[in-house]
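Subject: Structure for you to look at

Hello,

Here is the structure I said I would pass on. My notes follow it.

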Amino acid sequence: MLPVTFAATEKRTHDYVRHGTTNLFAALNVGTGEVIGECRPSRNGKNFLAFLKKAVKPHAGKEIHVVLDNLSTHTTPEVRAWLAKNPHVHFHFTPVGSSWINQIETRFGILTRQSIRRSTFASVNVLITQIRNYIESWNSEAKPFTWTATADEILAKVRLVQTNIKKLVANNSK
C-alpha cells in the first residue's frame, strides 16, 4: 500500500501480490457481545458444521438460535442431519439482501475497517493471525450490540425501499 497523499487516491504498488485468502466462520453471542471465529481454507458444509459444533458446545442443553445468511453451506445434507439430532439448535435465515440484520455481519464490517482494509499481509498465516488477534482484542472489551433504531423505524424504511423499488420496476417496464 502506498501512502495516501493530498488529492491522490489510495494505490498499491504495481508488484503487489495477493498471498491468498481465508474463510472466516464466526458467531456472535448477542448477550455478551463476544465473538468466536475460526479461519478455514475453504467454505463448505464440512467446515461450517465443524465450526457450528464448536460454537454451540459451550451452550449444551440450552436453546440456541443461529441467524444465518442463505449460503448453501448452511443447508448441506450433513448440516441438516446434525440439526435433526440437535433439536435445541434453531436456524433462522435472513432474507436475501438483508444480511445487515445479522449482527455478526456488522462485526465483519468493523473487523474489515479496523483491522484488514489498507493492510498488506505477507501470507495467509499472517492474515489469520491478524484476524485472531483482533477477535481476541474485541472480546477483551466485548459489549452487546445496541440497536439505535426502533423496530417501527426499521420497518418503515423497509416499506419505503419496497415502494421505491416497485416504482423503479414499473418505470423500467414502460
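On one side of H2, Pro77, Arg80, Ala84 and Lys85 are exposed, where exposed means over 50% relative accessible area, buried under 20% and partly exposed in between (1.4 Å probe, protein chains only). The helix H2 covers residues 77-85; helices (H or I, at least four residues) and strands (E, at least two) are DSSP runs, numbered from the N terminus.

This is a predicted model, in which local features need pLDDT of at least 70 and side-chain atom pairs count only at pLDDT 80 or more, while totals for chains, interfaces and linings use all residues. Residues are numbered from 1 along each chain as its sequence is written, and side-chain values use heavy atoms, with hydrogens and water left out.

Val79, Trp82 and Leu83 are the buried residues in H2. Seen down the axis of H2, they fall within an arc of 100°, so they line one face of the helix; the arc is taken from the directions from the helix axis to the C-beta atoms. H1 and E4 are among what covers them, contact being heavy atoms within 4.5 Å.

Strands E3 (residues 64-68) and E4 (residues 89-93) run parallel and are joined by five bridges; two strands pair if DSSP finds at least two bridges between them. From E3 the chain passes through H2 to E4, in a right-handed β-α-β crossover. Right-handed means that, with the strands pointing away from the viewer, the path from the first strand over the helix to the second runs clockwise. Leu68 has Phe93 in E4 as its bridge partner.

The largest nonpolar core has 15 residues, and Phe48, Leu52, Val66, Trp82, Val89 and Phe91 have the most contacts inside it. Such a core is a set of buried Ala, Val, Leu, Ile, Met, Phe, Trp, Tyr and Cys residues joined through side-chain atoms within 4.5 Å. H1, E3, H2 and E4 each supply at least two of its residues, with the largest share, six residues, coming from H1. Not counting residues up to four places away in sequence, Phe91 touches Phe48, Leu52, Val66, Leu68, His74, Val79 and Leu83.

Asn47 is in H1 (residues 45-56) and counts as buried because its relative accessibility is 9%. Leaving aside neighbours within four places in sequence, Asn47 is in contact with Phe25, Arg40 and Ser42. The Asn47 side chain reaches the backbone oxygen of Ser42 at 2.8 Å.

Regards

Terms used: A polar contact is a pair of N or O atoms within 3.5 Å; within protein, one must be able to donate a hydrogen and the other to accept it, and residues adjacent in sequence count only if both atoms are side-chain atoms.
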